[in-house]
Amino acid sequence: MYKPAVLIEQFQMEKTVCKTSFWALLKAELNNLNASEFTVLLKSADRPILLDVRSSEEIVDGSFLGALNINYFSGDLWEQLEILDKERDIFVFCRSGRRSIRVCTLLKNGGFDNTRIYNLDGGLNSFQKYYDFELNSLT
């Protein structure tokens, strides 16, 4: 049986050994696109699903025209995600990119084709210069 001091020392050692963050590990498994790449692929995709996973309060500040809103914090997130068309490209975004990483991971682990799931790296915060929310159009 380990003594508490030994467990604390082992935990401290594990923290220093693995420098890779949890977010980096999740992102490594996804198709992360910067704002420019997101714009190019979105424009060229055939009938893409544009998925905004922010709350309805956040959407008031602007979103993509035609984006489907599924609130990450809704109690039935997976139920709403699993009915999406698995044959279409899915472009997922939120404000900063954290919720969209989680949703992309859920989609991938839930049987969606990972080659058709795209995460906007950095979220809408990184996208402001490519999209005019007043006009609802890509620039």
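Two strands count as paired if DSSP finds at least two bridges between them. Helices (H or I, at least four residues) and strands (E, at least two) are themselves DSSP runs, numbered from the N terminus.

With that in hand, let's look at the chain. This is a predicted model, where local features need pLDDT of at least 70, side-chain atom pairs count only at pLDDT 80 or more, and totals for chains, interfaces and linings use all residues. Residues are numbered from 1 along each chain as its sequence is written, and side-chain values use heavy atoms, with hydrogens and water left out.

**The sheet**

The chain has six helices and seven strands. Five strands make an open sheet, in the order E1-E5-E4-E2-E3, with parallel pairing. At the edges sit E1 and E3, each of which pairs on one side only. E1 runs parallel to E5, and two bridges join them. Across that pair, asparagine 32 stands opposite asparagine 119 in E5.

Helix H6 packs on the sheet and touches E2, E4 and E5. The direction of H6 makes about 170° with that of E5; axes are lines fitted to C-alpha atoms, for helices over the stretch in contact, and angles run from 0 to 180 degrees between N-to-C directions.

Here is where these elements lie:

| Element | Residues |
|---|---|
| Strand E1 | 32–33 |
| Strand E3 | 68–69 |
| Strand E5 | 117–120 |
| Helix H6 | 98–109 |

**A residue inside**

Now zoom in on leucine 50, found in strand E2. Is leucine 50 buried or exposed? Leucine 50 is buried, with a relative accessible area of 9%; buried means under 20%, exposed over 50%, and partly exposed in between (1.4 Å probe, protein chains only). Leaving aside neighbours within four places in sequence, leucine 50 is in contact (heavy atoms within 4.5 Å) with residues including Phe38, Leu42 and Phe91. The C-alpha atoms of leucine 50 and valine 92 are separated by 6.2 Å, though the two are 42 residues apart along the chain.

**Helix H3**

The buried residues of H3 (residues 35–44) are Ala35, Phe38, Thr39 and Leu42. They cover an arc of only 100° around the axis, so they lie on the same side of H3; the arc is that of the directions from the helix axis to the C-beta atoms. The face turned away from this buried side carries the exposed residues Val40 and Ser44.

**The whole chain**

Zooming back out, buried residues make up 35% of the 139 residues in the chain.
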